[in-house]
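Subject: Structure handover

Hello,

Here is the structure I promised you. Please open it first, then read my notes below.

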Amino acid sequence: MLVSYLVPRPRPSRTTVIAVLCAIGLASSAHALERVNLTTGFSYDCVRSEPLDASHVRLYLYTPGSTASANDFVVIAAREIASIEKLPDPPAPKPIVAPTHPPADVHDLLARAGQQHNIDVELLASVVKAESGGHAHAVSRAGAQGLMQLMPSTARDLGVKDPFQPDQNIAGGAAYLDSLLTLYNNNLDLALAAYNAGPAAVAHYHNRVPPYAETRAYVVRVENEFIRRKKAAQRAAQHAATLTATVVP
């Protein structure tokens with residue numbers, strides 16, 4: 001469990017089901033897709049994979065319209081693979097429609113929400129990237145909306161009147177994540193799993209991350225992105241400090 005996502009909290013401290021797609025690269029075609037069907041009933045659309053050992057395979061995650069990252073992957077047991085089928089090449093990305101709302105400085109909104117809820121801004125940014133890729137008008141197949149993909153019922157409960165307004169969506173999403181961190185005593189794995197699959201799913205599996213491939217992939221994706229962002233911020237701070245030291249007499 002990661003513990004550095006919080007500034008000191010004065011108290012112990014969505015629900016969206018997203019399709020998890022993998023980019024598992026095959027030697028025959030750089031853009032070929034294959035669907036890996038598991039014995040559990042779940043499946044992955046993939047374009048690159050690699051064996052870890054005789055019993056496990058690493059599947060690299062992919063989201064349509066974005067570039068696959070070495071940090072986006074899940075590991076499954078080879079015996080869980082039931083079948084593999086070929087899929088057509090992914091369609092060309094659709095043009096991005098200009099937002100109807102005025103642009104907002106998302107990072108400033110995340111920083112403000114993070115300060116209010118004692119949550120690291122880079123963790124909130126990592127959730128936004130995993131949820132919507134930074135698109136304020138994103139809508140999932142399950143109906144989740146906006147930057148932090150709030151379900152309409154969750155948005156109403158949080159007092160969010162327009163989930164496509166970045167400031168309202170981020171404020172609501174941060175408040176919801178805060179409540180989950182409080183519920184699970186700052187256990188980030190469980191809070192992220194509940195954000196993705198819902199608290200009821202976590203409770204059903206006795207306060208453990210549900211064995212849903214998409215939820216486990218989501219937790220890995222957010223935490224890896226969070227670690228990457230924190231390291232990048234640390235390098236930037238060190239570089240700035242070095243520059244300051246060289247110019248100050």
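Start with N185, which sits in the loop between α4 and α5. N185 is not a glycine, yet its phi is positive, about 50 degrees. Most residues other than glycine have a negative phi. N185 is exposed, at 58% relative accessible area. Here, exposed means over 50% relative accessible area, buried means under 20%, and partly exposed is in between, with a 1.4 Å probe and protein chains only.

H206 is another such case. It has a positive phi of about 55 degrees and is not a glycine either. Look for H206 in the loop between α6 and α7. With 69% relative accessibility, H206 counts as exposed.

A word on the source. This is a predicted model: local features need pLDDT of at least 70, side-chain atom pairs count only at pLDDT 80 or more, and totals for chains, interfaces and linings use all residues. Residues are numbered from 1 along each chain as its sequence is written, and side-chain values use heavy atoms, with hydrogens and water left out.

Now the overall layout. The protein has seven helices and six strands. Helices (H or I, at least four residues) and strands (E, at least two) are DSSP runs, numbered from the N terminus. Along the sequence the pattern reads β-β-β-β-β-β-α-α-α-α-α-α-α. Of the 249 residues, 43% are buried.

Next, helix α4, residues 166–183. How far apart are the end C-alpha atoms of α4? They are 25 Å apart, which agrees with the 26 Å that its 18 residues should span at 1.5 Å a residue. The expected span is 1.5 Å times one less than the number of residues. The buried residues of α4 include P166, I170, Y176 and L181. Among the elements that cover the buried residues of α4 are α1 (106–117), α2 (121–132) and α5 (188–197).

Then the helix pairs. Two packed helices are described by the angle between their axes and the distance between the axes. Axes are lines fitted to C-alpha atoms, for helices over the stretch in contact, and angles run from 0 to 180 degrees between N-to-C directions.

The axes of α4 and α5 come within 9 Å and cross at roughly 130 degrees. That makes α4 oblique to α5. Angles under 35 degrees count as roughly parallel, over 145 as roughly antiparallel, 65 to 115 as roughly perpendicular, and the rest as oblique. The contact (heavy atoms within 4.5 Å) is made by G173, Y176, L177, L180 and L181 of α4 and L188, A191, A194 and Y195 of α5.

The axes of α1 and α2 come within 8 Å and cross at roughly 125 degrees. So α1 is oblique to α2. H107, L110, A111, A113 and G114 of α1 meet V121, E122, L124, A125 and V128 of α2 in this contact.

Last, two more residues. E50 lies in strand β3, residues 49–51. At 25% relative accessibility, E50 is partly exposed. The C-alpha atoms of E50 and V75 are separated by 9.6 Å, and the two are 25 residues apart along the chain. R221 lies in helix α7, residues 213–247. Is R221 buried or exposed? At 10% relative accessibility, R221 counts as buried.

Best wishes
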